[in-house]
Amino acid sequence: MRKEFTRTKQVLSQEEIQKIIDTTAHGVLSLNGDDGYLYTVPLSYVYTDGVVYFHGSPRGYKYECFQRTDKTSFSIVGQSQIVPSVRANNFQSVLIWGRLQPVSDTAEKLNALRALAEKYSPGIPDNEEEIQHSLNYVFMVKLVPEWITGKQAALEVREAAEKL
């Protein structure tokens, strides 16, 4: 796992990283696919209690890939804006490296499902009913971070984007 940035002036602060994690709707998770191919899948997620939670069906290709993957990376693009004048992208992104673990504890699974519902369906009256209903059939995995980094476009790109 590479930890050092070549362009240190593009590194995001911990506060900026956390904001992207908390406010972005989805990211892309890398899993071990078939025949040595990586399977990168966009997923909804929630970050709570220091871990990233994902949910899905306990059958299908994604589930199979979860079963064979331990080490992974999860990429979140918080911003992407083409800046034609400098032929570049004004971006902000976060990369989380860590290990995947299935969530088997019922209380932890409930807390994660409630956090997902609060993120994606805040204030919806029947969230708890849906959570209780899905508890028995939803597969849940958590990504326990070992390293989290954030990066943004170079200063000249950000300055050019402000003029748009």
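## The hairpin of strand 1 and strand 2

In this predicted model, strand 1 and strand 2 form a hairpin with five residues between the strands, and within this hairpin Asp-35 takes a positive phi near 55°. The two strands pair in the antiparallel sense, and seven bridges join strand 1 to strand 2. Asn-32 has Leu-38 of strand 2 standing opposite.

Thr-69 has its place in the loop between helix 2 and strand 5. Its relative accessibility is 7%, under the 20% limit, and therefore Thr-69 counts as buried. A polar atom of the Thr-69 side chain lies 2.8 Å from the backbone nitrogen of Asn-32, and the backbone oxygen of Cys-65 likewise lies 2.8 Å from a polar atom of this side chain. With neighbours within four places in sequence left aside, the contacts of Thr-69 are Ser-30, Leu-31, Asn-32 and Leu-100.

Thr-72 belongs to strand 5, and with a relative accessible area of 8% Thr-72 is buried. A polar atom of its side chain lies 2.3 Å from the backbone oxygen of Ser-30. Not counting residues up to four places away in sequence, Thr-72 touches Leu-29, Ser-30, Ile-96, Trp-97, Gly-98, Leu-100 and Leu-143.

In soluble globular proteins, nonpolar side chains tend to be buried together. The largest nonpolar core here has 21 residues, of which Leu-29, Phe-54, Phe-66, Phe-74, Ile-76, Ile-96 and Leu-100 touch the most other members. Two or more residues of this core come from each of several elements, namely helix 1 (14-23), strand 1 (26-32), strand 2 (38-44), strand 4 (51-56), helix 2 (61-68), strand 5 (71-83), strand 6 (88-102) and strand 7 (139-152). Another core, of 14 residues, lies apart from the largest one and includes Tyr-53, Ala-112, Leu-116 and Ala-117.

Phe-54, one of the residues that touch the most other members of the largest core, is in contact with Leu-29, Leu-43, Ser-44, Tyr-45, Phe-66, Phe-74, Leu-100, Phe-139, Met-140, Val-141 and Leu-143, when neighbours within four places in sequence are left aside.

Tyr-137 is found in the loop between helix 4 (127-134) and strand 7. Its relative accessibility of 41% falls between the limits of 20% and 50%, so Tyr-137 counts as partly exposed. Leaving aside neighbours within four places in sequence, Tyr-137 is in contact with Gly-56, Pro-58 and Glu-130. From C-alpha to C-alpha, Tyr-137 and Ser-73 are 26 Å apart in space, and in sequence they are 64 residues apart.

Methods: Residues are numbered from 1 along each chain as its sequence is written. This is a predicted model: local features need pLDDT of at least 70, side-chain atom pairs count only at pLDDT 80 or more; totals for chains, interfaces and linings use all residues. Side-chain values use heavy atoms; hydrogens and water are left out. A nonpolar core is a set of buried Ala, Val, Leu, Ile, Met, Phe, Trp, Tyr and Cys residues joined through side-chain atoms within 4.5 Å. Buried means under 20% relative accessible area, exposed over 50%, partly exposed in between (1.4 Å probe, protein chains only). Helices (H or I, at least four residues) and strands (E, at least two) are DSSP runs, numbered from the N terminus. Contact means heavy atoms within 4.5 Å. Two strands pair if DSSP finds at least two bridges between them. A polar contact is a pair of N or O atoms within 3.5 Å; within protein, one must be able to donate a hydrogen and the other to accept it, and residues adjacent in sequence count only if both atoms are side-chain atoms.
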